[in-house]
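Subject: Structure for you to look at

Hello,

Here is the structure I said I would pass on.

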Number of protein chains: 2
Amino acid sequence: MPKDRAPTRIQKKNRAAILEAALNVFSAHGFRGATVDQIAAEAGLSKPNLLYYFPSKEAIHTALLSGLLDTWLAPLHDLDENGEPMEEILSYIKRKLQMSRELPRESRLFANELVQGAPRIHDALSNDLKALVDQKAAVLTHWMDQGKIARLHPHHLIFSIWALTQHYADFDVQVRAILGDEDPFEGAAPFIDTLYRKLLTP
Amino acid sequence: MPKDRAPTRIQKKNRAAILEAALNVFSAHGFRGATVDQIAAEAGLSKPNLLYYFPSKEAIHTALLSGLLDTWLAPLHDLDENGEPMEEILSYIKRKLQMSRELPRESRLFANELVQGAPRIHDALSNDLKALVDQKAAVLTHWMDQGKIARLHPHHLIFSIWALTQHYADFDVQVRAILGDEDPFEGAAPFIDTLYRKLLTP
DNA sequence: CGTGAGTTTGACCAGATGGTCAAATCAAGA
DNA sequence: TCTTGATTTGACCATCTGGTCAAACTCACG
């Protein structure tokens with residue numbers, strides 16, 4: 001294990017390669033289904049070499065998840081209470097859908113973890129995530145009080161956005177199996193936009 | 001392996017116990033994360049005894065999935081083109097949400113499989129499922145042509161219903177971590193109902 | 001160019017896991 | 001009750017997998 005000095009050029013390169021490979025493998029097979037050998041091979045390292053940079057499989061997984069959680073929640077974090085309500089929400093939705101298109105591995109990484117009861121990130125959910133969602137729910141409620149958007153259960157409104165947008169990344173195979181050649185996001189973007197315009201108009 | 005005569009009393013009982021246990025274990029840990037020992041223990045059998053009824057872990061999983069696929073798709077199958085459009089759709093949604101509440105294990109079983117690329121049911125998706133969805137999409141389009149419901153992309157309308165309802169089963173931990181004591185379905189049912197009333201009204 | 005820290009690897013280990021098998025036990029009909 | 005097929009099990013095996021370790025190699029820098 002490298003000392004805790006400033007990371008060398010090689011350390012930076014290899015750590016990045018490992019996390020990139022781990023994202024591929026964990027998102028495609030889940031924690032249990034992923035093997036250290038697989039990750040090492042995909043990162044272009046031998047298994048002992050990989051374990052020189054991370055002490056265990058679990059450590060790689062944890063590093064990945066906590067490193068990506070901020071990225072994942074950034075769009076919600078950026079929802080601005082001083083912005084124009086309908087515009088803010090629609091642009092949040094647009095960003096979330098874009099993330100499903102551009103970062104499907106990240107989406108599936110979290111989906112894998114959540115579907116199996118989130119054994120490794122349960123704390124982050126009930127603390128950080130809950131706090132963020134509660135705060136943004138308050139913003140939504142405020143907008144509803146002002147009559148700027150229709151009155152709805154704010155938490156379920158957020159859940160609905162997550163469900164609708166992440167569905168296209170998490171269940172990509174199913175969506176594509178049904179749509180055939182048609183690009184999923186081509187149709188999804190206007191559909192979801194229309195849906196929330198109708199739903200949120202007071 | 002039992003001969004292919006009529007199943008004995010014991011065979012019926014044990015097969016059922018195995019599938020029930022397998023549903024628990026596979027839905028909670030995914031295919032790779034589940035172990036035969038775990039399933040056997042939960043079914044009250046020894047591992048060799050379990051393998052007397054099913055030739056392999058894979059065979060149990062396949063039997064489960066194909067046995068449950070019909071159950072899972074029954075609500076969509078029952079969508080009646082001769083019924084009153086808005087009523088039919090809202091009752092389909094209600095049934096789907098009820099299934100998320102009452103059969104969360106089944107939902108997560110499929111979610112686990114789909115999120116990992118559906119390696120074991122890809123054929124069923126592109127054949128049976130696609131056919132069913134295309135057929136029902138045609139029904140929806142017909143209703144739109146008649147002006148009975150708002151014009152929308154029928155496939156994405158169906159996806160949205162799946163996403164919104166199954167979210168509550170698949171990502172149960174996350175939903176509960178955020179809602180705290182509040183019953184998820186208590187709020188979800190009216191929210192989703194309102195959403196589709198607004199969306200579908202022409 | 002020498003040296004010490006940083007990096008890489010082949011060989012290895014222990015435990016978990018899917019699966020087999022022959023022998024033992026049980027159940028039900030004649 | 002006796003027989004025969006159904007059921008159950010303990011012991012066992014091969015493979016996979018996460019992880020270790022000492023030795024070898026490479027790199028940066030004085």
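Below is what I found, going from the pair of chains down to a single residue.

Please keep in mind that this is a predicted model.

The pair

Start with how the chains relate. Chain A superposes on chain B by a rotation of 180 degrees, with 0.0 Å of shift along the axis. The RMSD of that superposition is 0.1 Å. The two copies are thus related as by a two-fold rotation axis. Look for A:Ala163 if you want to find the axis from chain A: its C-alpha is the nearest one in that chain, 2.6 Å away.

Chain A overall

The fold is quick to describe. Chain A has 10 helices and 0 strands. Its C-alpha atoms fill a box of roughly 60 × 45 × 30 Å along the principal axes. The chain has 202 residues, and buried ones make up 51% of them. Take the contacts in chain A with a separation of 6 or more: 68% of them join residues 24 or more positions apart.

Now the surface and the charges. The accessible surface of chain A is about 9,300 Å². Carbon and sulfur atoms account for 51% of that area. There are 23 positive and 26 negative side chains in chain A. The centres of these two sets are 7 Å apart.

UniProt, in an unreviewed entry, places "domain: HTH tetR-type" at residues 12–72 of chain A. In the model that span is 87% helix and 0% strand, and its end C-alpha atoms lie 23 Å apart. The unreviewed entry also places a "DNA-binding region" at residues 35–54 of chain A. Residues 35–54 are 75% helix and 0% strand, with 14 Å between the end C-alpha atoms.

One residue to check

Which residues does A:His156 touch? Its contacts include B:Tyr168, B:Leu179, B:Glu182 and B:Pro184. B:Gly187, B:Ala188 and B:Phe191 are also among them. A:His156 is found in helix 8 of chain A, which covers residues 154–170. Is A:His156 buried or exposed? A:His156 is buried, because its relative accessible area is 0% and the cut-off for buried is under 20%.

Best wishes

Terms used. Residues are numbered from 1 along each chain as its sequence is written. Chains are lettered from A and ligands numbered from 1 in the order in which they are written. This is a predicted model: local features need pLDDT of at least 70, side-chain atom pairs count only at pLDDT 80 or more; totals for chains, interfaces and linings use all residues. Side-chain values use heavy atoms; hydrogens and water are left out. Copies are superposed by least squares on the C-alpha atoms of residues with pLDDT of at least 70 in both. Helices (H or I, at least four residues) and strands (E, at least two) are DSSP runs, numbered from the N terminus. Buried means under 20% relative accessible area, exposed over 50%, partly exposed in between (1.4 Å probe, protein chains only). Contact means heavy atoms within 4.5 Å. Accessible areas come from the Shrake-Rupley method with a 1.4 Å probe; for residues, only the protein chains shown count as cover. Lys and Arg count as positive and Asp and Glu as negative; His and the chain ends are not counted. The place of a charge is taken as NZ of Lys, CZ of Arg, CG of Asp or CD of Glu. UniProt positions are given in the numbering used here, feature names are shortened, and annotations may be inferred rather than shown by experiment. Lists of a residue's contacts leave out its neighbours within four places in sequence.
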